[in-house]
Amino acid sequence: MTHVHIALWGVLPYLVLGVFLCGTAWRYRYDRFGFTTRSSQLYESRLLRVGGPLFHYGLFLVIAGHAVGLLIPEWVTERLRVSEHFYHLNALVVGGAAGLATVAGLGVLLWRRLRVRAVRAATSRSDRLVHPLLLAVLLAGLTATASSAASGSYDYRMGVSVWFRSLFELEPDVAAMRAAPLPYQVHALLAMGLFALWPFSRLVHAFTVPLGYLARPYIVYRSRGRAVRQAARDGSPARPGTR
Amino acid sequence: MTDSTPHRRTRRGGRAPLGRVMAQVAMVMNLDKCIGCHTCSVTCKQTWTNRAGTEYVWFNNVETRPGLGYPRGHEDQEKWKGGWRLKHGRLVPRTGGRARRLARLFANPELPTLDDYYQPWTYDYETLTTAPLGDDLPTARPRSLIDGADTEITWGPNWDDDLGGGPGPLAADPVLAQLEKVGERVRLEYEQAFMFYLPRICEHCLNPSCVAVCPSGALYKRIEDGIVLVDQDRCRGWRMCVSGCPYKKVYFNHRTGKAEKCTLCYPRIEAGEPTVCSETCVGRLRYLGIMLYDADRVGEAASVTDERELYEAQLDCFLDPHDPEVARAADKSGIPHDWVTAARRSPVRALISDYRVALPLHPEYRTMPMVWYVPPLSPIVEALSRDGHDGEDPACLFGAIDSLRIPLEYLAGLFTAGDTAPVEAALCRLAAMRSYMRRINLGEERDPRLAEAVGMDAARMEEMYRLLALAKYEERYVIPTSYTGEVPRDPGEAGCGLEGEGGPGMYEDPADAFHALSPLPGQAAAQTSGTAGTAAGSASSPTSGRLNLLNWNGKGRPAGLFPRRRGGEQA
């Protein structure tokens with residue numbers, strides 16, 4: 001049993017991380033053309049306009065919640081005088097609401113993918129793997145959140161979070177994860193599966209969040225010649241935004 | 001000129017400060033000659049978009065006007081929110097600024113769906129050959145190219161061609177609707193109907209709103225020739241450009257998930273050849289040429305308050321290549337001399353700025369489009385001949401241009417944001433040309449008064465006739481071959497991968513070897529970076545010490561221009 005736990009919580013995370021990083025680098029190097037959202041809005045717009053934003057904005061909240069829960073140790077919130085009760089109530093209400101919104105959005109999107117013929121026809125093999133996995137990860141996570149509503153329940157900040165941070169200290173705290181209840185373990189395991197698939201699916205579009213747009217001038221000029229040479233132009237420099 | 005900042009001649013004879021000069025390959029289409037044969041659309045499609053994922057994509061299409069256009073009703077910017085609008089005097093994309101665009105990444109509310117274009121289809125041809133023997137003739141049923149299911153054809157790429165759509169779709173024409181808003185009752189009865197064809201490609205705007213709304217920065221305007229392109233490796237399929245373009249000339253490839261658009265056939269343009277649509281145009285109605293413009297004036301011109309002044313404002317951006325100060329400034333901006341020469345011979349510039357017969361398509365979108373149109377005189381001539389008048393009699397023609405308000409207003413709705421004066425002026429010039437040339441053809445005396453009545457003289461009238469009516473190939477297309485408007489190469493930077501030592505690009509240029517330059521003052525950098533090998537080898541070559549005057553920039557006194565004086569010091 002211990003060997004299994006060591007394999008799952010001590011070795012597998014690093015394998016997944018390796019696949020995630022190398023896979024992304026490989027994909028970016030050899031398939032930059034494939035970095036796209038592969039939007040299907042052209043086929044169907046009405047359902048997407050509900051499901052798309054619901055899923056993505058819900059997901060942003062969920063990710064923010066994970067970052068807070070996993071990365072911020074308990075002593076920090078204690079120092080900030082955030083009471084234990086308030087913290088968990090907040091995690092339950094906000095996290096639960098965000099999770100439900102995400103699942104609802106994904107539900108709409110999956111329904112659309114299955115029922116709209118054109119969208120279904122445009123579904124790739126990796127989609128068929130990633131979509132159910134995404135749903136499973138979300139449902140497991142929601143179960144874990146819901147289970148924390150019961151009084152005297154498992155405090156993930158003393159277990160899962162400790163394990164997660166220990167991964168980056170290169171000293172995986174297998175015991176902390178081993179003690180976690182099943183929903184947490186399943187959630188973590190499925191999430192690792194998702195990260196392993198990430199570079200090879202349409203999920204890579206998450207890396208292309210166009211934040212640079214906020215700081216860019218509207219019109220982009222580029223030279224026929226090499227972009228680098230453009231920057232070297234003296235005298236009348238290229239417009240800002242020219243690469 | 002005593003002050004150092006360059007100035008240019010304005011259209012009104014004054015002088016105005018000159019900003020950065022840029023060159024643009026522009027097109028003009030003479031609508032009177034378009035017969036709606038769709039050859040341009042077909043050859044364009046065969047060249048660029050005959051692939052899966054681009055079935056519905058027509059970089060070039062020909063619309064019947066009045067009509068809906070492609071996609072249906074795309075000119076209704078209340079609905080599609082393309083182009084720019086003025087917000088507190090500043091230009092913002094009509095779809096909203098940066099924050100609003102990013103907030104709508106996950107579902108673009110203004111994206112047309114396939115139904116707004118049409119559902120591409122094929123036919124089930126196989127049943128024709130595999131159907132079992134029977135009494136009934138087998139039929140090839142239409143089948144969707146999107147999901148493969150049987151489909152019904154309800155709309156197509158040119159459903160309302162030649163008014164085939166009937167009064168229903170016709171009444172939905174956004175330009176007609178705009179006219180009705182200002183109280184012009186448009187009756188669509190047969191005897192009052194008029195129509196003409198409008199071929200459309202990407203406008204390659206000076207102020208492109210598709211570029212402005214692209215979150216990834218994948219769309220860009222090329223500095224050298226102004227062609228607007230999509231970097232396929234940077235496009236992430238956010239689809240903002242599709243809704244940002246008011247002309248709906250950016251399409252979404254639903255297979256690759258990337259935006260694609262008219263490229264102005266840039267590989268052909270770079271080689272000095274016309275675009276495929278121009279080359280194959282049966283009516284010889286397309287003109288391609290260079291326009292020089294002042295890039296620093298574009299923003300100001302696009303934000304003129306009154307929409308009706310946008311046409312004039314854009315005209316003011318264009319520069320006269322005959323103006324020596326403009327030529328000098330163009331040289332400073334890195335535009336090669338043959339491009340300035342080409343701009344002087346540009347048929348596009350002649351039609352736009354000299355004869356003033358070409359007009360921009362929908363300047364009110366504030367994108368400063370660069371595909372312009374010579375408005376058609378035919379609706380008016382046809383109306384005249386239908387009533388039994390002489391369609392070429394000047395008095396009749398001028399009177400008719402004035403009295404046939406509906407076609408005129410409609411053309412103004414397309415080309416000048418509703419201002420009929422420029423359309424009327426252009427049509428009068430075309431009418432005067434007809435009448436003037438008819439006298440010549442009938443062996444009558446030339447009548448320069450006809451030309452003077454429209455602000456031209458006899459010689460220019462005949463030049464315009466030559467350009468519009470004879471339309472010789474080499475006069476229609478004046479396209480210089482491409483350049484890389486570039487600075488000397490950075491010495492530290494390796495060039496193209498093939499140019500490495502011993503690489504396939506590493507051949508010795510015989511011309512360079514022959515001229516074996518000695519470095520000029522101020523050219524030392526270029527020498528060491530580009531042709532270091534040649535320079536080093538030149539000492540032993542038989543032509544050492546010779547000077548290549550072609551490389552002399554006219555400044556200073558290059559070594560080797562004069563023979564050495566006795567005593568070793570240079571003259």
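Reader: Which residues point one way from strand β12 (residues 250-253) of chain B, and which the other way?
Author: In a regular strand, side chains alternate between the two faces of the sheet. This is a predicted model, where local features need pLDDT of at least 70, side-chain atom pairs count only at 80 or more, and totals for chains, interfaces and linings use all residues. Every residue of β12(B) is buried (under 20% relative accessible area, with exposed over 50% and partly exposed in between; 1.4 Å probe, protein chains only). V250(B) and F252(B) point one way, while the other way go Y251(B) and N253(B).

Reader: In which sense do β12(B) and strand β13 (residues 258-261) of chain B pair?
Author: Residues are numbered from 1 along each chain as written, chains are lettered from A and ligands numbered from 1 in written order, and side-chain values use heavy atoms without hydrogens or water. Strands here are DSSP runs (E, at least two residues) and helices are too (H or I, at least four), numbered from the N terminus; strands pair if DSSP finds at least two bridges between them. V250(B) has K261(B) as its bridge partner in β13(B). Over four bridges, the pairing is antiparallel.

Reader: Which residue takes a positive phi in the hairpin of β12(B) and β13(B)?
Author: Look between the strands of this hairpin, where there are four residues. The positive phi is near 70°, and the residue is G257(B).

Reader: What does the side chain of T36(A) reach at 2.9 Å?
Author: T36(A) sits in the loop between α1 (2-30) and α2 (46-71) of chain A. Beyond its neighbours within four places in sequence, T36(A) has contacts (heavy atoms within 4.5 Å) that include R202(A), H205(A), T256(B) and K258(B). At 2.9 Å, the side chain of T36(A) reaches the backbone oxygen of G257(B).

Reader: Why does T36(A) count as buried?
Author: Its surroundings come from both chains, with R236(B) and G237(B) among the residues that T36(A) touches. T36(A) counts as buried because its relative accessibility is 3%.

Reader: Which residue in β10(B) is the bridge partner of R222(A)?
Author: Both faces of β10(B) are covered, with L219(B) and K221(B) buried on one side and Y220(B) and R222(B) on the other. Toward β11(B), L219(B) has V230(B) as its bridge partner, and K221(B) has V228(B). For R222(A), the partner is R222(B).

Reader: How much area is buried between chain B and chain A?
Author: The size of an interface is often given as the accessible area lost when the parts come together. The value here is summed over both parts, with a 1.4 Å probe. In this contact, chain B supplies 74 residues and chain A 48 residues. Carbon and sulfur atoms give 56% of the buried area, which is about 5300 Å².

Reader: How many salt bridges are there between chain B and chain A?
Author: A salt bridge is a side-chain nitrogen of Lys or Arg within 4 Å of a carboxyl oxygen of Asp or Glu. R117(A) forms one with D147(B), where the closest N and O atoms are 4.0 Å apart. The count between the two chains is three.

Reader: Which element gives the most to the side of chain B that touches chain A?
Author: Elements that give two or more residues to this side include β6 (90-93), α3 (98-103), α8 (209-213) and α12 (295-302) of chain B. With five residues, the one that gives the most is α3(B).

Methods. Buried area is the accessible area (1.4 Å probe) that two parts lose on being put together, summed over both. A polar contact is a pair of N or O atoms within 3.5 Å; within protein, one must be able to donate a hydrogen and the other to accept it, and residues adjacent in sequence count only if both atoms are side-chain atoms.
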